[in-house]
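Come along and check each entry against the picture.

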Amino acid sequence: MVKHLIDFNDISVERWEKIHKLAVDIKNNPEKYAEECKGKILATLFYEPSTRTMLSFQTAMLRLGGSVIGFDNPSNSSVSKGENLKDTIAIVSSYVDLLVMRHPLEGAAMAASMFSSKPVINAGDGGHLHPTQTLTDLTTIMLEKGKLTGLNIGFCGDLKNGRTVHSLLKAFLRYKGNKFYFISTKKLNIPDYLLEKLKETDNEFVFAETLEECMGDIDVLYMTRIQRERFDSEKEYLKQKGVFILDTEKMEKAKKDLIVLHPLPKVDEIDIEVDDDPRAKYFEQAENGVYVRMALIMTLLSENNEELSYNFSEKRECSNPKCITQTERYLKTVVDEDDREFCKYCNHKLI
Ligand code: CP
């Protein structure tokens with residue numbers, strides 16, 4: 001059992017199944033769990049904006065009878081005075097029982113976990129990963145489809161910068177017999193490191209340039225927002241905005257039992273009329289986020305978790321300009337134990 005949740009795949013399939021079952025029981029019997037975390041404190045440290053992730057974590061802890069501290073804007077904390085991540089995490093972890101952190105830099109959650117005396121949950125690290133969204137997505141798919149295999153799954157929109165897509169696809173690589181449709185522009189397609197991992201499995205995948213060409217085949221359509229905040233310029237963002245829009249006309253071409261998911265927030269990629277289609281499940285998906293986060297908090301607080309060890313390297317550096325190691329310069333390079341060419345913080349190539 002690892003102590004932190006940085007990458008969804010830190011959780012074994014069996015452990016995920018337990019969390020999922022607990023989340024479903026909490027959804028059906030919330031009163032049973034009202035005092036599970038009495039006396040415990042959760043810190044929510046959000047260096048980037050959030051509605052769902054931050055508020056659902058706070059709701060989850062309060063519904064379990066615990067308390068919450070934190071900041072939703074680093075400019076209201078001593079980060080604005082230049083305090084580094086290491087010191088912030090070391091101090092806050094001495095105050096609380098569990099930390100949830102969102103940060104704009106890739107690999108920041110792993111870096112935080114190295115300096116924390118308490119479990120750290122990654123609530124999104126730049127364009128890298130968002131494992132608790134994956135918990136939410138998988139539970140919603142299980143509740144709607146009853147399985148995680150034999151599905152045609154379409155990912156549409158900003159597949160390059162969409163951390164929810166990266167986390168969910170990585171989770172699906174542990175299952176067999178799914179077919180993936182990557183519906184995106186060439187510029188915003190799925191990162192190579194994930195395609196390489198996908199090729200090692202027996203799951204099929206295709207690329208599509210329009211929603212229309214695959215709408216009739218898909219069982220689960222995962223729409224995403226074009227991630228404006230990850231572009232180098234507004235001009236580049238505007239070139240990509242509005243290319244994929246799901247509307248009622250396209251929904252007519254879809255299967256009767258399609259489900260449409262979206263991590264939210266949505267901007268203009270789903271026409272507002274689609275909200276009324278019973279196949280649109282994104283609001284239920286967001287609600288499920290509270291139950292899975294309650295189950296996760298209970299799990300991490302109740303287990304005897306082990307500390308991790310790291311493969312440090314003095315000689316190598318990460319090639320990713322958005323990696324946390326480029327900003328927090330005291331961080332030592334950590335080599336991925338499965339593939340020594342890659343950075344453990346952000347999964348990009350080492351140089
Ligand atoms: N899905 C998600 O991460 O939403 P927020 O950015 O509102 O937390």
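Entry 1: I started with Phe-283, which counts as partly exposed because its relative accessibility is 45%, between the 20% and 50% cut-offs. I kept in mind that this is a predicted model. Next I looked up Tyr-282, which is buried, with a relative accessible area of 0%.

I then counted aromatic pairs and found 14 in the structure. Tyr-282 and Phe-283 make up one of them, an edge-to-face pair with 5.1 Å from centre to centre and 75 degrees between the planes.

**Entry 2: other rings.** I noted one aromatic cluster, formed by Phe-155, Phe-172, Tyr-175, Phe-180, Phe-182, Phe-205, Phe-207 and Tyr-222. I also found Lys-332 over the face of Phe-312, 5.2 Å from the ring centre.

**Entry 3: the ligand.** Which residues are around the ligand? I listed Ser-50, Thr-51, Arg-52, Thr-53, Arg-102, His-130, Gln-133, Pro-263 and Leu-264. Sorted by class, this shell has two nonpolar, five polar and two charged residues. Domain 1 (8-130 + 288-302) and domain 2 (132-286) each give at least three residues to the shell.

Entry 4: I looked up three distances here. A backbone N or O atom of Thr-51 is 2.8 Å from a ligand oxygen. In Arg-102, a side-chain N or O atom lies 2.9 Å from an oxygen atom of the ligand. For Pro-263, a polar backbone atom is 2.8 Å from a nitrogen atom of the ligand. Last, I checked the cover: on its own the ligand has 250 Å² of accessible area, and the protein covers 91% of that.

Definitions and conventions. Residues numbered from 1 in each chain as written. Predicted model: local features only at pLDDT ≥ 70, side-chain atom pairs only at ≥ 80, totals over all residues. Heavy atoms only, no water. Near = heavy atom within 4 Å. Polar contact = N/O pair within 3.5 Å; in protein donor to acceptor, adjacent residues only side chain to side chain. Areas by Shrake-Rupley, 256 points an atom, 1.4 Å probe, with all protein chains shown as cover. Nonpolar A, V, L, I, M, F, W, Y, C, P; charged D, E, K, R; others polar. Domains from an automatic or database assignment. Phe/Tyr/Trp six-rings, centres within 6.5 Å; stacked < 30°, edge-to-face > 60°. Buried < 20%, exposed > 50% of the residue type's maximum accessible area, 1.4 Å probe, protein only. Lys NZ or Arg CZ within 6 Å of the ring centre and 35° of its normal.
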